[in-house]
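Hi,

Here's the structure I promised to pass on.

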Amino acid sequence: MKRLFLAAIALLCVAQLSAENYEITTKNTTLLLRASEGRRVEFVYYGPKVNKIDEVFNTSSQIGWNAYPCFGTNCTCEHALAVTHANGDVSLELVTYEVKQYTDPDGGRVWEFLLKDKVFPFYVKQFYKAYDDCDIIKTWTELSHTEKKDVMLNKFASAYIPVKSGDIYLNYLAGGWGAEAQLFEERLLPGRKTIGNHDGARTSFGGNPSFMISLDGPAKENEGNVLGGTLSYTGNYDLSFVKNGNANHLEIVAGINPELSQYYLQPKEVFTTPEFIFTYSTEGKGGISRNLHRWARNYHIIGGKEPRDILLNSWEGVYFRVNQEGMNQMMQGFAEIGGELFVMDDGWFGDKYPRDNGESSLGDWVVCEKKLPEGIGALIDEAERNNLKFGIWIEPEMTNTKSELYEKHPDWVLRQPDREPSKGRGGTQLVLDMCNPKVQDHVFNVVDNLMQENPRIYYMKWDANMSISNASSLYLPKDRQSHLYIEYHRGLMDVCKRIREKYPKLVIQLCASGGGRLNYGYFPYFNECWSSDNTDAVQRLYIQHGMSHFYPANIMAAHVSASPNHQTGRVVPIKFRFDVAMTGRLGMEMKPSALSAKEKEFAKRAIETYKSIRPVIQQGDLYRLVSPYEKKPYVSLMYNTPEKDRAVFFLFRRHYINDEWEEPRKMAGLDPERNYLIREINAENPEKKLAIEGKVVSGRFLMENGIRLSLGKDLSSVVLELIAQ
Ligand code: GLA
């Protein structure tokens, strides 16, 4: 079979268009598309890499469905695009007129399919960008036209992926405040399943635009064919999985949620749909996670390869009761145990209206002189005296009716002109109208002013504690209100871009009442994510397990908090709390003075240990060994370096049942041919380590037979470091 594109070339080239197969390959996968001049682009195959594409056809593995189906012409399947033309016609029939291929200087090879409607001057560019080293493909489209008047976009998905039917199981995340990223699995039967959100602002509460489908029965961790995908979009989304009883195919359509978001596309305007990222693995769910993690760290997350600091956040320590002395004490206590960064959370601002609770002050980003008479500079001085970096909390897209900002600009909030707006936290919170360029400037200035006045600020926690519950903009024209959800996020992204152009090094945490914004759309601008306001270590085993399916450890903020835990009341030993937090980006969220002398001693050692294993955790390959959802009393996972020369293994016992029959702990992802020295790290008593301490065992034995570790107590845990010999 003739292959049009033999190799990735830096030069752009245009293919001749006779019916051609386009092989979009990565190290281990092939996506095969077929296009020819005057005909549609067909989605032929996506799966494990094929050496000879004849094999696809010889084994009836080809699909051959439209790769971007449109409503109105011979499309009884799902559609990715539906429009109303200027003259009222609702049909589209896209055909290819050109194909381009080039290498992106930022990494990845790009294929561009240029399509045009057969009748109307309506154009679609469909992009596929392949990242070889991590088996990731991104796809998105650009929509435009030269009709006489606006064309209404009724549906405008980023991606359409047909899948040959099998015994398909869908894995996805759902949850809400304090219980984010809960993992669900269900068998896909004929019918429609949707993962969607129309919260407007905190779109990862309720769901997450990410999924895995296991193609041969319930998903396994390290074996089996799995296809995974995630939509990189901060606004409302809709991912539909449609299995039509007759057709024997599963159709996946992913994109912006078109509900109440019809978009009037002006002549020559280009509408770019968000990127949909997908990957395929024969190594089960774990393979999908590792592909996504590698891609995210290497190509997507700002500063994704840089080590993340161990921080202490003031929130659960003092809540709104911020003052200089309290902050100083926390900084000093944290410095004593080896911390690196101190973050002052909510409660520091508001001059006319001091921020003493959730009822006031959002928008008034000036220091509360009553609480901090010497200002932010004095806090940074104290941080630096303690050899700590300094960070600060903001919630810049919001205001309270009790604030100077609202008094000055009551028209800057999202609200209907003729209704009393529905309010959020404190009974006074409102969302600012990010569609309005003046509001965009205000939000940019929140960051810019703080940085201008205090250039030594190293980190910001950017929170968003409200949904869009008044879906109306006083800025947008009356007949363009359906653009609100889209324009809000365009405005927000524009501000983020401006901030990043001016402050590329500032570390910014993404927070929305916890993990309410966990979404790849944010990560070109945000370095990490506050996983949840629920800091109970046992609950975090679930939340972090769910997150880890799609997002890497270096964005997963995991903090050790007080015991009994403030959310659940559970009493958890300090070692267990630290060990759970050490599986992500370690931090603390309590007054160090609340630690006993013994706990403080342990915390100091744990922080030192984390510094030594940080590269393995934050940049390593994750292997989930025992899920918290299994009916077992323990949970286990490990991180390995890509070179497989170092690994860190974690075992958590949630509750004690009966030790005698315990299974061996089998590891994964090691080199079977190498021997590993095993060391117990973060031991409760460094003088009294497990019997396995110092033993050398082959990777093969560790993976095939496993080791026997006895953990006698409720909420006990073990961390082992493995070093290849
Ligand atoms: C949200 C965040 C918390 C904290 C508070 C402050 O709930 O998730 O971590 O910052 O706001 O008000």
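Which atom of the ligand does a polar side-chain atom of Asp345 lie 2.7 Å from? An oxygen atom. I'm calling that a polar contact, meaning a pair of N or O atoms within 3.5 Å; within protein, one must be able to donate a hydrogen and the other to accept it, and residues adjacent in sequence count only if both atoms are side-chain atoms.

Before going further: this is a predicted model, with local features needing pLDDT of at least 70 and side-chain atom pairs counted only at pLDDT 80 or more, while totals for chains, interfaces and linings use all residues. Residues are numbered from 1 along each chain as its sequence is written, and side-chain values use heavy atoms, with hydrogens and water left out.

A polar side-chain atom of Asn465 sits 3.3 Å from a ligand oxygen, and a polar backbone atom of Gly514 is 3.0 Å from one. On its own the ligand has 310 Å² of accessible area, and the protein covers 96% of that (Shrake-Rupley method, 1.4 Å probe). In total, 13 residues surround the ligand (a heavy atom within 4 Å), and Asp345, Asp346, Arg425, Lys461 and Asp533 are the closest.

The other spot I looked at is Gln182. At 19% relative accessibility, Gln182 counts as buried (under 20% relative accessible area, 1.4 Å probe, protein chains only). The side chain of Gln182 has a polar atom 3.0 Å from the backbone oxygen of Glu180. Gln544 is 362 residues away from Gln182 in sequence, yet their C-alpha atoms are 9.0 Å apart.

Cheers

Notes. Buried means under 20% relative accessible area, exposed over 50%, partly exposed in between (1.4 Å probe, protein chains only).
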